Amino acid sequence: ASDAKVDDLQREAEQQVMRLLALRQPVAIDLRGILAALKIAAGIERIADYAKNVAKRSVSLAELPTVQPVYSIPHMGRAALAMLKDVLDAYNANDAAKAMDVWNRDETLDDIYTGLFRELLTYMMEDARNITSCTHLLFIAKNLERIGDHCTNIAENVYFIVTGRHPGGERPKGGDFDNGFFYL
């Protein structure tokens with residue numbers, strides 16, 4: 001139900017950015033901060049969309065028989081929520097080190113997703129009655145994994161605001177679905 005409010009807040013942030021750019025003509029660190037804030041607002045809006053999708057799937061899942069992997073989802077949700085809290089704290093404190101800590105934790109969330117994906121496939125192959133529940137769980141897990149990806153994007157923007165550079169090296173990615181076939 002709160003998704004529409006987040007959408008409105010993103011539009012408000014966009015309007016404020018346009019106003020600042022037009023009236024103040026910021027340069028250097030001010031410009032970096034304003035443009036990064038615009039990207040961060042978009043990332044938060046997407047996170048809200050994924051949270052809405054998790055909520056919808058959870059309602060459907062509550063009406064189905066429980067399958068064992070349902071107990072792995074809260075762990076993944078807590079990890080994604082911790083990343084979001086920490087990256088927003090890093091933004092508020094202009095803390096590049098904390099942002100990089102979140103950036104590096106995405107790999108752990110990816111690994112949890114990969115393990116859960118395999119576990120859910122096993123449950124579906126063992127008993128076809130599990131397919132519907134496991135499919136909902138797969139989508140919930142993928143939404144949580146994508147929340148982690150957006151937290152990583154926000155972390156990159158925080159790092160950029162503070163340092164004026166983008167994080168060096170490859171973005172850490174867990175899992176081993178290299179061919180992309182298994183990504184939902």
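Q: By what runs are helices assigned, and in which helix is the place of N143?
A: Helices are DSSP runs of type H or I with at least four residues, numbered from the N terminus. The model discussed here is predicted. Under that numbering, the place of N143 is in helix 5.

Q: How many helices and strands does the protein have, and what pattern do they follow along the sequence?
A: The protein contains five helices and zero strands. Read along the sequence, the pattern is therefore written with helix symbols, as helices and strands are the DSSP runs that are numbered. That pattern is α-α-α-α-α.

Q: What box do the C-alpha atoms fill along the principal axes?
A: The protein has 184 residues, of which buried residues make up 39%. Among contacts with a separation of 6 or more, 81% join residues 24 or more positions apart. Taken along the principal axes, the C-alpha atoms fill a box of roughly 60 × 35 × 25 Å.

Q: Which element gives the largest share of the largest nonpolar core?
A: The largest nonpolar core has 39 residues, and those with the most contacts inside it are I73, M76, V87, L144, I147 and C151. Two or more residues each come from helix 2, helix 3, helix 4 and helix 5. The largest share, 13 residues, comes from helix 5.

Q: Which residues does I73 touch, not counting residues up to four places away in sequence?
A: I73 is buried in helix 3, and I73 is one of the residues with the most contacts inside the largest nonpolar core. Not counting residues up to four places away in sequence, I73 touches L116, L137, I140, A141 and L144.

Q: What covers the buried residues of helix 3?
A: In helix 3, the buried residues are I73, M76, A80, M83, L84, D86, V87 and A90. An α-helix has 3.6 residues a turn, so residues three or four places apart point the same way. The cover over the buried residues includes helix 2, helix 4 and helix 5.

Q: How far apart are the end C-alpha atoms of helix 4?
A: Helix 4 covers residues 96-126, which is 31 residues. At 1.5 Å a residue, these residues should span 45 Å, and the model agrees with that expectation. The end C-alpha atoms are apart by 46 Å.

Q: Which residue caps the N-terminal end of helix 4?
A: A side-chain oxygen of the capping residue lies 3.1 Å from the backbone nitrogen of A97. That distance falls inside the cut-off for a polar contact, because such a pair of N or O atoms must lie within 3.5 Å. The capping residue is D95.

Q: Is E145 buried or exposed?
A: E145 is found in helix 5. Leaving aside neighbours within four places in sequence, E145 is in contact with M76, D106, L109, D110, Y113 and K173. Its relative accessibility is 2%, and buried means under 20%, so E145 counts as buried.

Q: Which residues does N143 touch, not counting residues up to four places away in sequence?
A: N143 has a relative accessible area of 8% and is therefore buried. Not counting residues up to four places away in sequence, N143 touches Y50, N53 and V54.

Q: What distance separates the C-alpha atoms of I161 and L137?
A: I161 lies in helix 5, residues 131-163, and counts as buried at 8% relative accessibility. Leaving aside neighbours within four places in sequence, I161 is in contact with I29, R32, G33, A36, I40, Y91 and N94. I161 and L137 are 24 residues apart along the chain, and their C-alpha atoms are separated by 36 Å.

Q: At what distance from the ring centre of Y50 does R46 lie?
A: R32 lies over the face of F160, at 5.9 Å from the ring centre. R46 lies over the face of Y50. For R46, the distance from the ring centre is 4.7 Å.

Q: Is A28 buried or exposed?
A: A28 is found in helix 2, residues 28-62. A28 has a positive phi of about 50° although it is not a glycine. At 56% relative accessibility, A28 counts as exposed.

Technical notes:
Residues are numbered from 1 along each chain as its sequence is written. This is a predicted model: local features need pLDDT of at least 70, side-chain atom pairs count only at pLDDT 80 or more; totals for chains, interfaces and linings use all residues. Side-chain values use heavy atoms; hydrogens and water are left out. A charge sits over a ring if NZ of Lys or CZ of Arg is within 6 Å of the ring centre and within 35 degrees of the ring normal. The expected span of a helix is 1.5 Å times one less than its number of residues. A polar contact is a pair of N or O atoms within 3.5 Å; within protein, one must be able to donate a hydrogen and the other to accept it, and residues adjacent in sequence count only if both atoms are side-chain atoms. Buried means under 20% relative accessible area, exposed over 50%, partly exposed in between (1.4 Å probe, protein chains only). Contact means heavy atoms within 4.5 Å. A nonpolar core is a set of buried Ala, Val, Leu, Ile, Met, Phe, Trp, Tyr and Cys residues joined through side-chain atoms within 4.5 Å.
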